[in-house]
Amino acid sequence: MADKRDYYEVLGVSKGASGDEIKKAYRQLARKYHPDVNKEADAETKFKEVKEAYDVLSDDGQRARYDQFGHVDPNQGMGGAGGFSGNGDFGGFGDIFDMFFGGGGGRRDPNAPQRGNDLQYSMTIEFKEAVFGKETEITIPRTESCDTCAGSGAKPGTKPETCTVCHGSGQQEVVQNTPFGRMVNRRACSHCGGSGKVIKEKCGTCHGAGRVKKQRKINVRIPAGVDDGAQIRLSGEGEGGLRGGPAGDLYIVIRVKAHEFFERENDDIYCEVPLTFVQAALGDEIEIPTLTEKVKLKIPAGTQTGTYFRLKGKGVPKLRGYGQGDQHVKVTVVTPTKLSDEQKDLLRQFGGIGGESPAENQEHHESIFEKMKKAFRGE
Ligand SMILES: [Zn+2]
Ligand SMILES: [Zn+2]
């Protein structure tokens with residue numbers, strides 16, 4: 001997909017273009033390249049390109065995703081356990097009719113190509129897989145154009161024939177005489193089901209539907225640094241189109257499992273490590289697990305519980321651009337609970353020696369002690 005053009009470039013608008021500007025640009029280009037209007041060889045390709053750019057940029061959510069992730073290569077992939085659901089209702093070329101004739105009033109050509117539905121697949125991945133990326137294969141059930149009949153639904157060597165009842169329009173007019181006058185109702189042709197065509201000899205593979213259900217394996221590449229809720233769009237990997245229409249897209253929604261030790265906020269990693277009372281008071285050098293390795297962290301003498309230390313560059317790789325977030329280590333001083341008699345004696349001696357007292361020498365604690373005294377006084 002390296003040769004895929006930037007959507008803004010396709011529509012000839014700036015990155016900050018408003019919804020109206022995007023719509024206007026799309027209408028002009030769609031008119032110019034619509035295959036019904038433009039008979040140049042590459043018109044259809046250009047139309048699809050314009051349509052795709054518009055589909056993404058006219059949808060706030062998709063536009064934001066595109067701004068963040070850009071095009072995602074459909075030939076690359078990712079995988080894992082996942083749920084699967086089809087969604088969306090996308091007209092393909094048919095949209096142009098609404099555009100020219102105004103929605104509702106226009107009649108769609110029943111034989112116009114129709115774009116396939118988009119599909120959504122939700123994939124749960126491990127914490128570290130989100131950090132480092134992953135390549136995997138997923139299997140999705142989807143409807144694809146039938147290879148045997150090339151999507152026509154007719155037995156190879158035969159063609160669907162124009163319906164003799166509606167003469168290909170797909171609609172029937174029903175005239176009723178009522179006390180108020182003649183009423184003309186339009187409804188889908190009952191003979192051809194509204195398609196305008198009748199298949200005399202059906203394709204043996206798809207039984208006339210033109211599409212078949214398939215379990216399709218797709219390679220998915222999850223980029224390093226994705227976060228929970230990210231969506232990856234695989235263009236053209238959705239359901240097959242009808243009557244030569246383009247396939248829909250496949251959206252992969254990423255769910256990231258929690259980690260026992262690490263927590264993540266954007267590109268930064270947070271963790272909490274215990275310190276003994278002695279380590280905190282005298283200082284120490286301790287080992288901290290990071291996403292990739294163990295690193296040494298110097299704890300200065302007199303470290304308070306709740307202090308954060310930063311390990312620069314030990315966070316998550318940035319999805320876009322270069323560099324990595326940081327790892328933030330919060331230390332928690334653990335008060336000993338099981339002391340031997342000897343240890344208790346030593347601590348009693350320590351307490352009795354006097355010297356530095358938290359209430360006198362540390363402003364932070366002073367305020368806590370002050371507050372506590374006030375509470376005792378009932379303030
Ligand atoms: Zn008919
Ligand atoms: Zn078929």
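Helices here are DSSP runs of H or I with at least four residues, strands are runs of E with at least two, and both are numbered from the N terminus. Counted that way, the protein chain has 10 helices and 16 strands. This is a predicted model, where local features need pLDDT of at least 70 and side-chain atom pairs count only at pLDDT 80 or more, while totals for chains, interfaces and linings use all residues. Residues are numbered from 1 along each chain as its sequence is written, chains are lettered from A and ligands numbered from 1 in the order in which they are written, and side-chain values use heavy atoms, with hydrogens and water left out.

Let's take the chain as a whole. Of its 379 residues, 35% count as buried, meaning under 20% relative accessible area with a 1.4 Å probe, protein chains only. If you look at contacts (heavy atoms within 4.5 Å) with a separation of 6 or more, 68% of them involve residues 24 or more positions apart.

Now for the helix pair. The axes of α2 (residues 19-33) and α3 (residues 43-57) come within 9 Å and cross at roughly 165°; these axes are lines fitted to C-alpha atoms over the stretch in contact, with angles from 0 to 180 degrees between N-to-C directions. α2 and α3 are therefore roughly antiparallel, a label for angles over 145 degrees. On the α2 side, the contact involves Ile22, Lys23, Tyr26, Leu29, Ala30 and Tyr33. Facing them on α3 are Ala43, Lys46, Phe47, Val50, Lys51, Tyr54 and Leu57.

On to the metals. The zinc ion (ligand 1) takes its protein donors (N, O and S atoms within 2.8 Å of the metal) from the SG atoms of Cys163, Cys166, Cys189 and Cys192, at 2.2 to 2.3 Å. Those four donor atoms subtend angles of 100 to 118°, which makes the arrangement tetrahedral; the test is that all angles lie between 85 and 135 degrees. Along the chain, the donors are spaced C-x2-C-x22-C-x2-C. Cys163 sits in the loop between β4 and β5 (171-178) and Cys189 in the loop between β6 (181-188) and β7, so this pair ties together parts 26 residues apart in sequence. Cys163 and Cys189 are buried.

The zinc ion (ligand 2) has Cys146, Cys149, Cys203 and Cys206 as protein donors, through SG atoms 2.3 to 2.4 Å away. This site is tetrahedral, with angles of 103 to 116°, and the donor spacing is C-x2-C-x53-C-x2-C. Cys149 is in the loop between β3 (134-145) and β4 (161-162), and Cys206 in the loop between β7 (197-198) and β8 (211-222), so they tie together parts 57 residues apart in sequence. Both Cys149 and Cys206 are buried.

Note on methods. Donors are N, O and S atoms within 2.8 Å of the metal (3.2 Å for Na, K and Ca); water is not among the atoms, so sites may look incomplete. Four donors count as tetrahedral if all angles lie between 85 and 135 degrees; four count as square planar and six as octahedral if opposite donors are over 155 degrees apart and all others between 65 and 115; anything else is irregular. Buried means under 20% relative accessible area, exposed over 50%, partly exposed in between (1.4 Å probe, protein chains only). Angles under 35 degrees count as roughly parallel, over 145 as roughly antiparallel, 65 to 115 as roughly perpendicular and the rest as oblique.
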